[in-house]
Amino acid sequence: MQEHPDEIFLAQCRLLGQQAAACGESPVGAVVVCNDEVIAAAAEATKGQGTITAHAELLALQAARQHLGHPDLSGCTLYSTHEPCVMCAYAIRYYRIRRVVYSYPSAYWGGATAIGPVLTTGQVPPQWAPPPEVVVVPL
């Protein structure tokens, strides 16, 4: 039986998360996929870079934007080991990511499940994209 593409990309995220953990970071990894090809990948680096904005998802989004040469990532899917936080959710919405796939929910600051679900609310500025499809793939 062939593995589903979501599982393949999530496995890549888990490897990145393991690399982050080995460096003393939170075990989070993220990849951005466009046309079934990984165009960006990142591991959590908040401690190593000394900034809260070095979440794996934000780093992967920045790398994808640079790879494509423009900020419109509407043809892309973001994969992450963990539910993107509200900060990452803001960036996901800003860059117009079409689909978000993750394995582990975030108890307090999840961008899809928190009290203020930035990732899924329709109450956003008019220039934002509609909410992305959100897929949870439990392990």
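The entries run from the overall fold to single residues.

**Ground rules.** I worked on a predicted model, where local features need pLDDT of at least 70 and side-chain atom pairs count only at pLDDT 80 or more, while totals for chains, interfaces and linings use all residues. I number residues from 1 along each chain as its sequence is written, and side-chain values use heavy atoms, with hydrogens and water left out.

**Overall fold.** I found four helices and five strands. Helices (H or I, at least four residues) and strands (E, at least two) are DSSP runs, numbered from the N terminus. From that end, I read the order as α-β-β-α-α-β-α-β-β.

I then checked the dimensions. For 139 residues, a compact globule would have a radius of gyration near 14 Å, and the protein agrees, with 14 Å. That radius is taken over C-alpha atoms, and the globule rule is 2.2 Å times the number of residues to the power 0.38. Along the principal axes, the C-alpha atoms fill a box of roughly 40 × 35 × 30 Å.

I noted that 45% of the 139 residues count as buried. Buried means under 20% relative accessible area, exposed over 50%, and partly exposed in between (1.4 Å probe, protein chains only).

**Strand β3.** How many of the seven residues of β3 are buried? I got six, so β3 is largely enclosed by the rest of the structure. Next I looked up its partners; two strands pair if DSSP finds at least two bridges between them. Strand β1 (residues 29–34) pairs with β3 in the antiparallel sense over five bridges, and Val33 stands opposite Thr77 there. With strand β4 (residues 99–104), β3 pairs in the parallel sense, also over five bridges. In that pairing, Leu78 has Val100 as its bridge partner.

I recorded β3, helix α4 (residues 86–94) and β4 as a right-handed β-α-β unit. Right-handed means that, with the strands pointing away from the viewer, the path from the first strand over the helix to the second runs clockwise.

**Aromatic pairs.** I searched the whole structure and found two. Rings of Phe, Tyr and Trp (its six-membered ring) pair if their centres lie within 6.5 Å; planes under 30 degrees apart count as stacked, over 60 as edge-to-face and the rest as tilted. Phe9 and Tyr79 form a tilted pair, at 5.1 Å centre to centre and 45 degrees between the planes. Phe9 is in helix α1 (residues 5–22) and Tyr79 in β3 (residues 76–82), so the pair ties together parts that are 70 residues apart in sequence. Both Phe9 and Tyr79 are buried.

Tyr94 and Tyr95 form an edge-to-face pair, at 5.1 Å and 85 degrees. I list Tyr94 as partly exposed at 49% relative accessible area, and Tyr95 as buried at 14%.

**Nonpolar cores.** A core here is a set of buried Ala, Val, Leu, Ile, Met, Phe, Trp, Tyr and Cys residues joined through side-chain atoms within 4.5 Å. The largest has 29 residues, and Ile92 is one of those with the most contacts inside it. I see its largest share, six residues, coming from α3. Apart from this core lies another, of ten residues, including Cys13 and Val33.

I also listed the contacts of Ile92 (heavy atoms within 4.5 Å). Beyond neighbours within four places in sequence, Ile92 touches Leu61, Leu78, Pro84, Ile97, Val100 and Leu119.
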